[in-house]
Amino acid sequence: MQKCEPRVKKFSRTIKTKALKEDPSLIGEKVTVKGWVRTLRNQKTFAFIELNDGSQLSNLQIIADSSLANFDEIIEKATTGAAISVTGELKESPGDKQAVEVHASIIVVLGDVAPDYQLQKKRHSFEFLRTLAHLRPRTNTFGAVTRVRNSLAYATHNFFQERGFSWIHTPLITSSDCEGHGEMFAVTTLDLNKLPKTPEGAVDYSKDFFGKPAFLTVSGQLNVEAYAMAMSDTYTFGPTFRAENSNTSRHLAEFWMIEPEIAFATLEDNMNLAEDYLHHVVDHLFQNNTEDLEFFDQFVEKGLIERLKHFLESPPVRISYTDAIQILLQSGKKFEFPVSWGCDLQSEHERFLTETHFKSPVFVYNYPTAIKSFYMRRNEDGKTVAAMDLLVPVTGELMGGSAREERYDVLMKILKEKNFDFDTYGWFLELRKYGTAPHAGFGVGFERLIQYTTGMENIRDVIPFPRYPGHADF
Ligand code: 4AD
Ligand code: MG
């Protein structure tokens, strides 16, 4: 096939400050930059303006000479938070804090700032900034979080696309509960003050929009499994919702999840993929977000870079749940939740394994059947499933996945035992009836991944507008 001629690009706008820093050929050139003022220092014969446009952590220094026609207006209005446009010559900076600076010939104040602006130069607590979720991206920390989040999303698609995976857009509205915890938000158009009732007095969902109860999905997995059974290697990446009343630093009611699903695969393939994925995205940050990582290392988690480098150099430990329980029992440590074979691992147990015992991320696999989801493949021992969780320091569970129960009879038995409704889950079972194949997958909590790679303590500070119990503002 003949290739198209490259078309003339129409989208060209103001140059970003990051590009100015990275392109030495621009020195001596006339440039126009636009952004928001971080600080203005009036030195009488000229003023220093620190400008930030979100493209990088560092500000661009602007020199505004008092000979500018609107110098007085600049001093009055180009204050912290104002939006300005600057045209001038890019020069090497004599100062050692920055490589380049712009000597302005024109400064236009696009939007000045009302006196009650709450983001003045001083430091604010993350709690306070949560009440200003619409303005907090203008701070150093949230700018850096936003760039890292963006890079991780890019690296995620890049990782899977390079390996031939198809991105599947699974639905957000569903009638099935993938994890079976009953923590779903209802989606309805019924008038809650005037609910239609059946003769037996129950809510008559046949009158509802979908003709039956519907919910926001907790996971795209069940749907992506259908596509893995046709496209072989697939993933979903989108928002998921959980109505769990968890007020912790690692739970959100709305969070993003990456869920690869691979055909003809075992639990070991699954762990290998998870390890390669994490390696890829962390490496991508080292290549593309050096300045942001250095900022987090200095101001958010001392030793972050060391920790991430250590991860790149030494792969996560892999141990069975049974061995993990042994380690916890032999540790001599008194846990708030006592440990015994069959118990779900609590955050304190996960942290002991990763932070104290192994000092490294840890895959724990082959969990007791009773504490894991219905779709996980039953092991031959009759008491465990081929599940895996990746535990990391501080955050605890970063990923969770399994080999899937691909045997029709076994899955049928499980669904019956657990009283699943075949109208809702029949299609999922049918995947095992027509050309079933061993397959596996996992889910990565995207916000937990951002926490892991930035050291940010609270998950509410790594998503633009966090939703958690009592909070759906902005
Ligand atoms: O372990 P989970 O519940 O697994 C699933 O949903 C599977 N269907 C995934 C799969 O196999 N395709 O959730 C996966 C990950 C967790 O390891 C955790 O990182 C994150 O999602 N997660 C949450 N993140 C933020 N807030 C919450 N409330 C979360 N619940 C789970
Ligand atoms: Mg889990």
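This is a predicted model: local features need pLDDT of at least 70, side-chain atom pairs count only at pLDDT 80 or more; totals for chains, interfaces and linings use all residues.
1. Residues are numbered from 1 along each chain as written, chains are lettered from A and ligands numbered from 1 in written order, and side-chain values use heavy atoms, without hydrogens or water.

2. (On a 1 Å grid over the protein atoms alone, a pocket is an open set of points with protein on both sides within 12 Å along at least five of seven lines; a cavity is a set where a 1.4 Å probe fits but cannot get out; lining residues have an atom within 4 Å of a point.)

3. Which element gives the most to this pocket's lining? Strand β15 does, with 6 residues. β15 spans 396–403. At least two lining residues each also come from β11 (254–263), α10 (347–357), β16 (439–445) and α13 (446–454). (Helices, H or I, have at least four residues and strands, E, at least two; both are DSSP runs numbered from the N terminus.)

4. Look next at Arg250, in the loop between β10 (233–241) and β11. Is Arg250 buried or exposed? Arg250 counts as buried because its relative accessible area is 16%. (Buried means under 20%, exposed over 50%, partly exposed in between, with a 1.4 Å probe and protein chains only.) A polar atom of the Arg250 side chain lies 2.7 Å from the backbone oxygen of Thr395.

5. There is 1 cavity of 30 Å³ or more. The largest cavity holds about 40 Å³. (A volume is the space filled by probe spheres set on grid points, joined across faces, edges and corners.) Thr174, Ser176, Cys178, Thr217, Ser219, Leu222 and Asn223 line this cavity. That makes 2 nonpolar, 5 polar and no charged residues.

6. Five strands form a closed barrel, in the order β1-β2-β3-β5-β4, with mixed pairing. (Two strands pair if DSSP finds at least two bridges between them.) β1 (residues 30–42) and β2 (residues 46–52) run antiparallel, joined by 6 bridges. Thr39 stands opposite Glu50 in β2.

Conventions. Ala, Val, Leu, Ile, Met, Phe, Trp, Tyr, Cys and Pro count as nonpolar, Asp, Glu, Lys and Arg as charged, and the others, Gly among them, as polar. A polar contact is a pair of N or O atoms within 3.5 Å; within protein, one must be able to donate a hydrogen and the other to accept it, and residues adjacent in sequence count only if both atoms are side-chain atoms.
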